[in-house]
Amino acid sequence: MPRPRTANRKPPPVRYRWPDGKRSAAVLSFDFDAESGFLFREPEKAKRSLADLEERRFGPRVGVDRILRLLDRLRLRASFFIPGWTAVNHLPQCKRIRDAGHEIGAHGNVHEAVGMLDAAQEKAVLEEQLAILRAELGVKPAGYRSPSWDVNVWTPALLKTHGFLYDSSLMGNDVPYDVQTPAGRLVEVPVQWLLDDAPLFRHVYGATNAIADPGRVLQMWSKEFAAMHGENGCFVLTCHPFISGRASRVVLLGDLVAFMRRARGVWFTTCEDVARWHAKQARG
Ligand SMILES: [Zn+2]
């Protein structure tokens, strides 16, 4: 009896090896900026524009808890990157994130775009945010996500010398990789614009981007996930509570997870656990 033709087909080569024979990894991450980015970029306007402040306060006031309820319902752990300013000014929400068992990573102090800082200023900002996360939350973060994904050539070494295991701000691959620094290798858990809620949903006057239909975004993110799953990729979604905490977008996140759970062999995890897995592989 002839063998079915599919039996001759070789399985695709494994591009990246995940634990327990999983085919890909998926991380939901949330950058809990609150008002911080606005305060850094437009300090004068921030003194008078209640409208801009309130748009961002939707995150701590409503969005974060809506997202925490979703994650609880889905039984998922996520990674939250929190600026020092947010930890000081929205401490109860940050404690709820921590106490629900989610990962907390560093995300600047007042959401400083580090491209505007020299190395000495960036070091001071890094040390201040670490001190705040420790003092307010008792957290020593394994990971760092640069505000606005802005990274200087010296940033990885700075992170390494301050005890970080990984960064999650660069786009040089879609599986974890190493960034070489004079202080040793830093793990990178890469991001990408396609998987960021801000360019799709954030209304900016004068910009060409419109507010996207959640159905279209679900389709786009689902397609990216399915393709990355076939490539043994690391799907890292980046959302902001003041943007994705809106009602229909929380529903979208639930629908996306339901879609991803229909695929076999997905490792739902955190950036930290991805980085730990990658570091363990590198050690052999
Ligand atoms: Zn941010």
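How are α9 and α11 oriented to each other? α9 and α11 are roughly parallel to each other, a label for angles under 35 degrees. The model is predicted, so local features need pLDDT of at least 70 and side-chain atom pairs count only at pLDDT 80 or more, while totals for chains, interfaces and linings use all residues. Residues are numbered from 1 along each chain as its sequence is written, and side-chain values use heavy atoms, with hydrogens and water left out.

**Helix pair**
- The axes (lines fitted to C-alpha atoms over the stretch in contact) of α9 (residues 214-230) and α11 (residues 247-261) come within 10 Å and cross at roughly 30°.
- Residues of α9 including Val 217, Trp 221 and Phe 225 meet residues of α11, among them Leu 252, Leu 256 and Phe 259; contact means heavy atoms within 4.5 Å.

**Zinc site**
- The zinc ion has as protein donors Asp 33 (OD), Asp 33 (OD), His 107 (NE2) and His 111 (NE2), lying 2.1 to 2.5 Å from it; donors are N, O and S atoms within 2.8 Å of the metal (3.2 Å for Na, K and Ca).
- The donor residues follow the spacing D-x73-H-x3-H.
- Asp 33 lies in the loop between β1 (24-31) and α1 (36-41) and His 111 in the loop between β3 (103-106) and α6 (119-137), so the pair ties together parts 78 residues apart in sequence.
- Asp 33 is buried at 8% relative accessible area, and His 111 is buried at 7%; buried means under 20% (1.4 Å probe, protein chains only).

**Thr 86**
- Thr 86 is found in helix α4 (residues 84-89) and counts as buried at 0% relative accessibility.

Methods:
Helix = DSSP H or I, 4+ residues; strand = E, 2+ residues; numbered from the N terminus. Buried < 20%, exposed > 50% of the residue type's maximum accessible area, 1.4 Å probe, protein only. Axes fitted to C-alpha atoms, helices over the stretch in contact; angles between N-to-C directions. Parallel < 35°, antiparallel > 145°, perpendicular 65-115°, else oblique.
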